[in-house]
Amino acid sequence: MTENKSHCGFVALLGAPNAGKSTLMNSLVGSKISIVTHKVQTTRTRFIGIALHKNNQMIFVDTPGIFEPKKRLERAMVSAAWAGAGDADVVVLLVDAERRIDANTRRIIDGLKEGGKKAVLAINKIDAIRRDSLLSLVKELNDMGDFSEVLLISALKGDGLEDLKDTISKYLPEGPWLYPEDQMTDITERMLAAEVTREKFFLRLHEELPYAATVETEAWQEKKDGSVRIEQVIYVERETQKAIVIGKGGRSLKEIGKLARLDLEEMLDRRVHLFIFVKVRKNWGNDKERYDNMGLEWVE
Ligand SMILES: Nc1nc2c(ncn2[C@@H]2O[C@H](COP(=O)(O)OP(=O)(O)OP(=O)(O)O)[C@@H](O)[C@H]2O)c(=O)[nH]1
Ligand SMILES: [Mg+2]
């Protein structure tokens, strides 16, 4: 690789739910693009985050976690993740060092083998475990799959990320950058705003509720005073869920709205007036329009 030739390519971040894919992408890009929670299945579609490293442009593709899908939404999520891997120049497989090898990681390693894709293995969350447990994990993974490289990282603390970028650079095709130098993502502000609200929703509500809802931005109005008025809808499946989301005296929804607004004001760098409505849409998980708005392909 000659130093002065530019390289550019798509780098898919693949892994079981909760492995730290979105945290990693945000750290690599240096900006919050994908939402992060401690719950599984936070990310529902592919999000692009663009980083420059030396003379290389890396277009990271954060993907939904891969697991055994049952519902239509889950199938669409997993299918989006595999599509991200299929289109990528480089695949990075993230494994949570604390959780080690589970059925989902096994499934991904098998899928990569079937597709003839060699991945860079990044063992994540090394800040959370004892170092001496890593050796056996690396060995087990190497026995299962064929990886071009193995790296130990902490997406949260930033450990090993320079090494990871250097490593990825080696596998990027030569070519001009595909995006302008200062572009960090292609996600629209409307979608970003919906995701921020969904993050607060995920953090605030429990059990099946986070999975029973989707958030859409319905109106976006720039005001003369420089602020922005955003209207969003949270779709849930049942009246009982609506009541929980709103909470006693509207407390729960108010709290979600406040947290989302604070994040949005920071991200957009202006005042935000956020109005969130909760609507019951029975079976929204089988409603094609919702998939279009989520950026997901409809799966039969
Ligand atoms: N200790 C530690 N925690 C981490 C690290 N990376 C991610 N996490 C945590 O792991 C949890 C899941 O992180 P996400 O980035 O949302 O994981 P994900 O793989 O995108 O999850 P899905 O979108 O649900 O598939 C969050 O609580 C993160 O803070 C790390 O390097 N160390
Ligand atoms: Mg994620």
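Colleague: Among contacts in the chain between residues at least 6 apart in sequence, what percentage join residues at least 24 apart?

Modeller: This is a predicted model, where local features need pLDDT of at least 70, side-chain atom pairs count only at pLDDT 80 or more, and totals for chains, interfaces and linings use all residues. Residues are numbered from 1 along each chain as its sequence is written, while chains are lettered from A and ligands numbered from 1 in the order in which they are written. Two residues are in contact if their C-beta atoms, placed from the backbone, lie within 7 Å. Of the contacts in the chain between residues at least 6 apart in sequence, the share joining residues at least 24 apart is 70%.

Colleague: What radius of gyration does the chain have?

Modeller: The C-alpha trace spans about 55 × 40 × 40 Å along its principal axes. The radius of gyration is taken over C-alpha atoms, and the globule rule is 2.2 Å times the number of residues to the power 0.38. For 300 residues a compact globule would come near 19 Å, so the chain agrees with it at 20 Å.

Colleague: How many strands are there in the chain?

Modeller: Helices (H or I, at least four residues) and strands (E, at least two) are DSSP runs, numbered from the N terminus. The chain has 9 helices, and its strands number 9.

Colleague: How many of the 9 residues of strand β1 are buried?

Modeller: A residue is buried if 20 or more other C-beta atoms lie within 10 Å of its own, exposed if 12 or fewer, and partly exposed in between, with C-beta atoms placed from the backbone. In the chain, buried residues make up 40% of the 300 residues. Strand β1, residues 7-15, is mostly covered, and of its 9 residues the buried ones number 7.

Colleague: Which residue in β3 is the bridge partner of Ala12?

Modeller: Two strands pair if DSSP finds at least two bridges between them. β1 pairs with strand β4 (residues 90-96) in the parallel sense over 5 bridges, and in that pairing Val11 stands opposite Val90. With strand β3 (residues 56-62), β1 pairs in the parallel sense over 7 bridges. There the bridge partner of Ala12 is Val61.

Colleague: Which element gives the most to the shell around ligand 1?

Modeller: A residue counts as near the ligand if its C-beta atom, placed from the backbone, lies within 6 Å of it. There are 24 residues around ligand 1, the closest being Gly20, Ser22, Thr43, Gly65 and Leu156. With 3 residues, the element giving the most to this shell is α1.

Colleague: Is Asn283 buried or exposed?

Modeller: Asn283 is found in the loop between β9 (272-280) and α9 (288-294). Its phi is near 65 degrees, a positive value in a residue other than glycine. Because Asn283 has 9 other C-beta atoms within 10 Å, it is exposed.
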